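Student: Could we go through this structure together? I would like to start with how its parts meet and then turn to local details.

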Amino acid sequence: MRTVNLESQKTGTMSKAKEKSAKKRVVEEDDDQLPIFDKDVTEKKAGEEEDADLSDSEESVFSGLEDSGSDSHDEEEDAEEGDDEEEDDDEAVILDEILTKSSGVETATEPPATDKNKPTQPDEKPASRRKMKKGEGVAMDDGGEKGLITIRHGDEYEHDTSDEEDIRNTVGNIPMEWYQDYPHIGYNLDGKKIFKPIRNKDELDEFLDKMENPDYWRTVHDKTTASDIRLSDEQVDLVHRLQKGQFGDINFNEYEPSVDFFTNEVMIHPVTNRPQDKRSFIPSLIEKEKVSKLVHAIKMGWIKPRKPKETTPQYYDLWAKEDPNAILGRHKMHVPAPKMRLPGHEESYNPPPEYLLTEEERMAWEQQDAEDRKLPFLPQKHSCLRAVPAFSRFIHERFERCLDLYLCPRQRKMRVNVNPEDLIPKLPKPKDLQPFPTTMSLVYIGHTSLVRSISASPTGQWLVSGSDDCTVRFWEVNTGRCMKTLEVGGAVKSVVWNPNQAVCLVAVCFESTVLLLNPALGDRLVVSSTDQLITSYEPPEEDKEQAVTWALSEGPEHDNGHRLTLTHPKAVKQVVWHGKGDYLASVMPDNSSNLQVLIHQVSKRRTQNPFRKNKGLVQCVSFHPLRPYFFVATQRYVRVYNLIKQELTKKLMTNCKWISSMAIHPGGDNLICGSYDCRLAWFDLDLSTKPYKMLRHHKKALRGVAYHKHYPLFASGADDGSVIICHGMVYNDLLQNPLIVPVKVLKGHQITHDLGVLDVTFHPTQPWVFSSGADATIRLFT
Amino acid sequence: MGGLQKKKYERGSATNYITRNKARKKLQLSLADFRRLCILKGIYPHEPKHKKKVNKGSTAPRTFYLLKDIRFLLHEPIVRKFREYKVFVRKLRKAYGKAEWTGVERLRDNKPGYKLDHIIKERYPTFIDALRDIDDALSMCFLFSTFARTGKCHVQTITLCRRLTVEWMNYVVASRSLQKVFISIKGIYYQADVLGQLITWLVPYQFAHDHPTDVDYRVMATFTEMYTTLFGFINFRLYQTLNLVYPPKLDSKAESELKAEHEEDYAMDSESYLEKLSALSASLARVVATAEEEENQLDQFPADGEDIENMEAREKEQKEQEDQNRLFEGLKFFLNREVPRESLAFILRCFGAEVSWDKSLCIGGTYDVTDETITHQIVDRPDIDKQYINRYYIQPQWVFDSVNAKMCLPVEDYFLGVTLPPHLSPFVEEKDGDYVPPEKLKLMALQRGEKHVQEEEEEEDEDEDDDDDEEEDNDEEDEDLTEEKNLKKMEDQRSQGKTLAVKVTPGKVKPWETGSVGNKVRLEQEEKAEEKRLAIMMMKKKEKYLYDKIMFGKKRTTREANKLAAKRKAHEDTSKAEKKQKKAKKK
């Protein structure tokens, strides 16, 4: 197919070249050449007569498609013969005939080629032909078939090169303006000048020509020869066709039917019939050498057949040489995996009946998540071994074990394997720590509302109590008899008996008043001397402005026992006596001012405010029993002030949320704090500002704490209705820490309105404790 | 002053731990390979004390390994083998893709493999270490040996597991080291005392497994790979200690006996040999021919004081042990076809019995059903047609219970068709306060040798029950009497339903209330209780917490025990009522 295409292209170019030469001939208008034109014309006519396609010579020849060429060939042969006859060139004719014959014989193998050859010859221009037929014919005789081919090619390309073009002017392809100033426009083949036409056409000539010459439109000016050329009809046609973008040749068919040269049919004969080489029958030497080498190697035992691989593992005594050095730190650090849990009775195939789950238990088991289940399986009972099925989760459990082995972090957990009894601290037996109150012996009944505060007289004979029913009652301790009842103007918050035995005074606070009472109980002398002490007061010369107004009671109030009334600006919560009995402190809790604590001196009826700054809501205050220290408990801290130096000496952190009460050890170096968050903090002032011991004995908020004056005892009362007596021994040896042992839990108070015991106080001499409660009673435990 | 600024997480615990992903990257292994390596080398994650510190401040849940462990893995030769294997797989896949079958074959021939010997040696530097860790290996191999030879894992693994387990059972038989057995719903537990180590393993029942889909068999296979290696070496060593030939060979005498009959049934010699071994009916060949039973007497050392006591105790213990080992000596058993042959043969042989079974059941049966010298035949069906007069027909549970009780239990409870007594776990050791099932108490009494009185009484009781309902009251009185007799067993009876009611009689409390002596005692007690209460008040917070926890646990156990006891009582009541009803109907 390729070759065909190529040829067709060639023919295309060739045809153009021929046409060019044809033009030139036209231009020359040689007489000799005329017959050619004529012939062409005749040819065309002949072609037209038969078939336009067939008539065309040159194309069809080379395309090799022309079968009917023979017809035209005959005609042309005739014409040739005619030509030959005209020129009387017999020899050539004979030669030609020989040529055709020989070619016919020799190209028998290629019949189509000869067919094509024949028609080609007549197409050549007769002029050239004549030359050829002699020379080439000879060549043909020698060369045989190849010669024929060369002849044909020679013919074809004779005029194909640009060198062979019909060139009249030899100046070449130069701008012709260069010759403008010369009389000639170039040189002909013989080297003679070609002169310009004598008279150039001017505009008028041009115009006239245009007007008169009917062929003006097909006249072209050839600059190289400076001559006008009239284009022939064919040439004009060609120009038109080229302008339209068509093929130059009218007869060229663009849409030739394709011919399938190489069919898909399998040929029975080989394309090449080349016999096989000899070497393909002879054994290879190189291979032989290789094989012999292998054979030798096998013989010598160098190459052995591949052994089947050992699939069964080989075991030997791995620990034959147990090396103690091989035990590394790694192995000591290694935590061996815990063994699987051993099965209990419930896993048996035939467990005792109590291990089987009841219906409810089974339901519960099924509803639980797999992780929450206590047993990972349902206990089952089978009547005999034969009836036991396979355990469906066996592989699962093994797999889970595998996962545990390689995924679970291992940790040595120290299991506390202690006897719980060992955890209980060894304390001295309470029996050895006697005396302490153990039983409730007396109940003082009389109040109608909760008893907020109680206080025992320094002699231990009397007890005073203040209650929310606005009364203060005086009791005889041993009999439980109410000696006196005093109505005061409000709910009594605090009552305190003056600790000085030589003075019989009781401080009572209610609302914003602190009342000093003389109960007139006990020794007459003491009572009268107390009255004398109060009346002997002489007001100083210069009256100072005081925060509190002191008023002496008179009339019926005096008869009731009222002696002095201190009217405070705010509600008073607590009053406290100094150990000597002359000073008195009152607390007016108020978060927003510095006037919270006042210290009064009874003998001089003087009041002062010791603090300039507000350090928080004051809960309670207390005097140091021996030294001039003053304790102020705010919500969370206890501050210790030196009254003489007038400075803060200590700040105790109680670690409580809200302090409720405070008591100072009679030695003065220890302090207990009760708090609403159920704690009791024991401070050793010499030790630290943090609690030495934190006791969480009570279940509910502590309301009152107290130290015994002589015995190593302290008590705490709380909202859970109990009073806990602890042995709190303080040693003189500073190196020994106080010993705290709870010795008794005293119960008796009923809880009313979520309140239990409100105050506790010890008897000054006996190991007895009084407690007042929200159930409006006071109880004595001995 | 001055110095470099300390950066966070560059010292301390943060540098001692490494996350799993980082470890994986450090080792340049895929997750699967890393997992395999961890399994083989026994590396497990660690829980750092301060997780947040180690996790660089983040609280995301991560797995941490000790950096030291990972460094230790870095120069493990097996890691290279893993990489080689990876390359092998790649090449093989390529060869398959190109359909180069010769290449495939060549590659397959040169498949890289690895051995775990050095890892075993490294993980268990001494034999005892290895033996201690064999529980899981045993259970795993027993499981794998029951797998069907299709699918889930390589056939070689299964056969290897089977071989190793058979070897192990043979060793246990030869060394007579089995201690306890237990039939659970999961399978059969065995416990053996091998060279002083208690080894427990679980064997599943012989059923086809339905393989769960949510189980990663690769993990299991990796474990098995490691376990089989370990197990093989242990078996070798164990056989060596007993002077047995390894791999095990049957005694020449036994072999000749077995040879004649069944040779033609098996295509392969090796297969039949394993079968013969697994039959467990013949003894094994020894390297050095010795007397069968070598009495290893304890040497007498001159000792005094405590040492003598210890010695005596030890001697006694050993004697007991020997007695137990000879539990079934001289007895001849025959196993019916419906009982699990392997486990029963194993147990019976461990205690010196002779065992045989039907020829069609398995290779290795030494005598027939018709043998007149058979003493026990183990049957697990309600009735049997042809019974021989001079042998006991018992259910398999008798064997297990007898082994656990370390004595031959009376066979009456285990006859054909009889409702079996509950099968108790021998692994439970009750502490005081725990619930003890009454069967266990009975058994303990039996072991102490008080069996006959108790037994007869019980039976009498039952007889009486059967005879007359009216005598019930008398019954109880009788029991009261017995209770008074042996106060020692008060505990036992408490849990027994009948006597529970009796225990709470006011009679015991009365003297305390009335008598002055009792009052004193009570006072004293109260005082003590108060003392304790007060002392508890003074406990430190930490100790108090611990104390509360312990007490809570104690309370829980007692609660549970009480619950079980109550359940038992209820059960007995109902069963009694049913009995009565039946009788009433009969009448």
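Predicted model: local features only at pLDDT ≥ 70, side-chain atom pairs only at ≥ 80, totals over all residues.

Student: How many residues of chain A are in contact with chain B?

Tutor: On the chain A side there are 87 residues, and they are in contact with 112 residues of chain B.

Student: And what area do the two chains bury between them?

Tutor: The area is about 8700 Å², with 64% of it on carbon and sulfur atoms. Tyr315(A), Trp319(A) and Tyr406(A) supply 10% of what chain A buries against chain B, more than any other three residues.

Student: How many salt bridges are there between chain A and chain B?

Tutor: The count between the two chains is 14 salt bridges. Over all chains, the count comes to 46.

Student: Which residue does Glu347(A) meet in a salt bridge?

Tutor: The side chain of Glu347(A) pairs with that of Lys186(B), at 3.9 Å from N to O. This pair crosses between chains: Glu347(A) is in the loop between helix 12 and helix 13 (359–367) of chain A, and Lys186(B) is in the loop between strand 3 (178–183) and strand 4 (187–194) of chain B.

Student: What about Arg330(A), which residue is its partner?

Tutor: Arg330(A) forms a salt bridge with Asp69(B) through their side chains, at 3.1 Å from N to O.

Student: Changing topic to chain B: at what angle do helix 1 and helix 2 of chain B cross?

Tutor: The axes of helix 1 (residues 20–27) and helix 2 (residues 31–41) of chain B cross at roughly 95° and come within 10 Å. The two helices of chain B, helix 1 and helix 2, are therefore roughly perpendicular to each other.

Student: Which residues meet there?

Tutor: From helix 1 of chain B, Arg20(B), Ala23(B), Arg24(B) and Leu27(B) meet Leu31(B), Phe34(B) and Leu37(B) of helix 2. By class, this contact has five nonpolar, no polar and two charged residues.

Student: Now the backbone. Is the peptide bond from Tyr246(B) to Pro247(B) cis or trans?

Tutor: That bond is cis, with omega near -5°. Pro247(B) is in the loop between helix 11 (217–241) and helix 12 (252–262) of chain B. In chain A, a cis peptide bond joins Gln434(A) and Pro435(A), with omega about 10°. Pro435(A) lies in the loop between helix 15 and strand 5 (440–445) of chain A.

Student: Lastly, is phi of Arg605(A) positive or negative?

Tutor: Phi of Arg605(A) is positive, near 50°, in a residue other than glycine. Arg605(A) is in the loop between strand 17 (597–601) and strand 18 (606–608) of chain A.

Methods: Residues numbered from 1 in each chain as written. Chains lettered and ligands numbered in written order. Heavy atoms only, no water. Contact = heavy atoms within 4.5 Å. Buried area = accessible area lost by both parts, 1.4 Å probe. Salt bridge = Lys/Arg side-chain N within 4 Å of Asp/Glu carboxyl O. Axes fitted to C-alpha atoms, helices over the stretch in contact; angles between N-to-C directions. Helix = DSSP H or I, 4+ residues; strand = E, 2+ residues; numbered from the N terminus. Parallel < 35°, antiparallel > 145°, perpendicular 65-115°, else oblique. Nonpolar A, V, L, I, M, F, W, Y, C, P; charged D, E, K, R; others polar.
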